[in-house]
Amino acid sequence: MSEAMHPLAPHHLPGFIVAPGETDVLFTGSVIFIIALLMMLGSLYFWLHSLPERIAHGASQVQFQLVAVLALLALFTHINVFWVAALLLAIVPIPDFWTPLSTMAESLARMAADRRQAPAPAASAPEAIAAGSPLSVNDAPLSQVRVVELTDGKAFEAPSAPPDDQHRVPANEERRP
């Protein structure tokens with residue numbers, strides 16, 4: 001083959017046109033640029049896709065796991081609603097209902113334990129009333145305290161005795177005031 005140029009070819013050729021058998025530098029550079037651009041866009045896509053998980057990282061474990069599952073569903077199914085839901089769930093904090101309820105339960109358990117360990121009352125209710133000393137809730141266990149209202153409108157707390165058969169009123173009789 002001859003190295004001479006065809007007579008109809010222009011005398012000045014641009015630099016990206018190469019002779020047969022030589023390396024095409026522009027094509028090689030373009031391929032490297034496109035591959036690098038695709039890698040950067042893929043990294044940007046995955047970085048943006050993990051945004052809800054990174055936002056929810058400091059939240060509770062349940063919230064973080066919900067956000068992670070929604071983000072994975074969005075990644076594999078390409079349903080963008082899952083990603084938007086994950087983002088909204090990550091931004092809006094879920095209120096912690098368990099901690100106050102557990103502290104209330106612990107406090108009530110401590111109060112009940114203190115009640116069970118309380119000393120027995122010094123005097124029974126009729127003796128305390130006869131002596132004129134006031135009764136308080138602390139004088140009896142919580143299960144045996146009842147409020148009694150007197151005829152003059154004053155109220156006091158008296159331990160109630162467990163019912164026994166002697167003081168029972170038959171159903172057909174009425175109680176006297």
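Is Met-40 buried or exposed? Met-40 counts as exposed, because its relative accessibility is 56%. My cut-offs: buried is under 20% relative accessible area, exposed is over 50%, and partly exposed is in between (1.4 Å probe, protein chains only).

**Entry 1: ground rules.** I am working on a predicted model, where local features need pLDDT of at least 70 and side-chain atom pairs count only at pLDDT 80 or more, while totals for chains, interfaces and linings use all residues. Residues are numbered from 1 along each chain as its sequence is written, and side-chain values use heavy atoms, with hydrogens and water left out.

**Entry 2: the chain overall.** I looked up the secondary structure and got six helices and two strands, in the order α-α-α-α-α-α-β-β along the sequence. Helices (H or I, at least four residues) and strands (E, at least two) are DSSP runs, numbered from the N terminus. The chain has 177 residues, and 12% of them are buried. I get an accessible surface of about 15000 Å², with 67% of that on carbon and sulfur atoms; the areas are Shrake-Rupley with a 1.4 Å probe, and for residues only the protein chains shown count as cover. For contacts (heavy atoms within 4.5 Å), I took pairs at least 6 apart in sequence, and 31% of these join residues at least 24 apart.

**Entry 3: back to Met-40.** Met-40 sits in helix H1, residues 25-49.

**Entry 4: His-49.** Helix H1 also holds His-49, which counts as buried because its relative accessibility is 10%. A polar atom of its side chain lies 3.3 Å from the backbone nitrogen of Leu-75. Polar contacts are N or O pairs within 3.5 Å; within protein, one atom must be able to donate a hydrogen and the other to accept it, and residues adjacent in sequence count only if both atoms are side-chain atoms. Beyond four places in sequence, His-49 touches Ala-71, Ala-74, Leu-75 and Trp-83.

**Entry 5: the core.** Which residues make up the largest nonpolar core? I list five: Ala-56, Val-67, Leu-70, Ala-86 and Ala-90. Helix H3 (61-77) and helix H4 (80-91) each give two or more residues to this core. A core is a set of buried Ala, Val, Leu, Ile, Met, Phe, Trp, Tyr and Cys residues joined through side-chain atoms within 4.5 Å. Leaving aside neighbours within four places, Val-67 contacts Pro-52, Glu-53, Ala-56, Ala-86, Leu-89 and Ala-90.

**Entry 6: Gln-63.** Gln-63, in helix H3, counts as buried because its relative accessibility is 3%. Its side chain reaches the backbone oxygen of Val-92 at 3.1 Å.

**Entry 7: His-78.** I found His-78 in the loop between H3 and H4, with a positive phi of about 60° although it is not a glycine. Most residues other than glycine have a negative phi. His-78 counts as exposed, because its relative accessibility is 59%.
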